[in-house]
Amino acid sequence: QVQLVESGGGSVQAGGSLRLSCAASGTIFSINNMGWYRQAPGKQRELVAEITRGGSTNYADSVKGRFTISRDNAKNTVYLQMNSLKPEDTAVYYCNADIIQKSWSRSVNWGQGTQVTVSS
């Protein structure tokens, strides 16, 4: 079994920073893409940023230049550094990982979500 555990959410004023972490654990053989998504009240879940195992990244236009995604393959962990936060960044943030388990089964896994609230 695989589990993704997020941490680092919270409340911050506009212009502030937060760093999210997501650690994968369990019977993991390898992790392909990892990413962060967010869902604001009344809106669909959307991609924020994603990173390949080799370190190539992709960002939503709304966060380019403000957010940075990174990962530590040895720790099976993905991070999201969020700077210059805006009220519109307020949402529940979910991490996502494409995992190959030691049983050779492959699955896309989600964390439980962490709330980020940015006040003006």
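User: Which residues does V118 touch, not counting residues up to four places away in sequence?

Analyst: This is a predicted model, and V118 has its place in strand β11. Leaving out residues up to four places away in sequence, the contacts of V118 are V12, Q13, A14, L85, K86, P87, D89 and T90.

User: Is V118 buried or exposed?

Analyst: Buried means under 20% relative accessible area. The relative accessibility of V118 is 5%, so V118 counts as buried.

User: What separates the C-alpha atoms of V118 and Y59?

Analyst: Along the chain, V118 and Y59 are 59 residues apart. Y59 belongs to β6, where it stands opposite A49. The C-alpha atoms of V118 and Y59 are separated by 20 Å.

User: How many disulfides does a search of the whole structure find, and which residues form a disulfide?

Analyst: The search of the whole structure finds one disulfide. In general, a disulfide is a covalent bond between the sulfur atoms of two cysteines. Here the sulfur atoms are 1.9 Å apart, and the pair is C22 and C95.

User: Which strands hold C22 and C95, and how many residues apart are they?

Analyst: C22 and C95 are both buried. Their pair links distant parts of the chain, with C22 in strand β3 (residues 18-26) and C95 in strand β9 (residues 91-101). The strands are therefore β3 and β9 by the run numbering, and C22 and C95 are 73 residues apart.

User: What is the order of the strands in the open sheet of four strands, and which are the edge strands?

Analyst: The open sheet has antiparallel pairing and the order β1-β3-β8-β7. Neighbouring strands of this sheet are turned by 15° against each other on average, direction ignored. Two strands of the sheet each pair on one side only, and these edge strands are β1 and β7.

User: How many bridges join β3 to β8, and what is the bridge partner of R19?

Analyst: β3 and β8 run antiparallel and are joined by six bridges. The partner of R19 in β8 is Q81.

User: What is the bridge partner of S7 in β3?

Analyst: β1 and β3 run antiparallel, with six bridges between them. In β3, the residue bridged to S7 is S21.

User: How many residues lie between β4 and β5 in their hairpin, and what is the phi of G42?

Analyst: Strand β4 (residues 28-39) and strand β5 (residues 46-51) run antiparallel and are joined by five bridges. Across this pairing, G35 stands opposite E50 in β5. The hairpin has six residues between its strands, and G42 in the turn has a positive phi of about 75°.

User: What is the phi of G55 in the turn between β5 and β6?

Analyst: β5 pairs with strand β6 (residues 57-59) in the antiparallel sense, over three bridges. These two strands form a hairpin with five residues between them. G55, in the turn, has a positive phi of about 105°.

User: Where is N76, and what is its phi?

Analyst: N76 lies in the loop between β7 and β8. N76 is partly exposed because its relative accessible area is 22%. Although N76 is a residue other than glycine, its phi is positive, near 50°.

User: Is W104 buried or exposed?

Analyst: W104 is found in the loop between β9 and β10. Its phi is near 75°, a positive value in a residue other than glycine. With 62% relative accessibility, W104 therefore counts as exposed.

User: Which residues touch the most other members of the largest nonpolar core, and which element gives the largest share?

Analyst: This core has 30 residues, and W36, L80, M82 and Y93 touch the most other members. Among the contacts of L80 are W36, V48, F67, I69 and Y93. The largest share of the core, five residues, comes from β9.

User: Which side chain makes a polar contact with the side chain of N109?

Analyst: N109 is found in strand β10 (residues 106-110). At 15% relative accessibility, N109 counts as buried. N109 touches residues including V2, L4, C95 and I99. The polar contact of its side chain, at 3.1 Å, is with the side chain of S107.

Terms used. Residues numbered from 1 in each chain as written. Predicted model: local features only at pLDDT ≥ 70, side-chain atom pairs only at ≥ 80, totals over all residues. Heavy atoms only, no water. Disulfide = S-S within 2.5 Å. Buried < 20%, exposed > 50% of the residue type's maximum accessible area, 1.4 Å probe, protein only. Pairing = 2+ DSSP bridges. Core = buried A, V, L, I, M, F, W, Y, C linked by side-chain atoms within 4.5 Å. Contact = heavy atoms within 4.5 Å. Polar contact = N/O pair within 3.5 Å; in protein donor to acceptor, adjacent residues only side chain to side chain. Axes fitted to C-alpha atoms, helices over the stretch in contact; angles between N-to-C directions.
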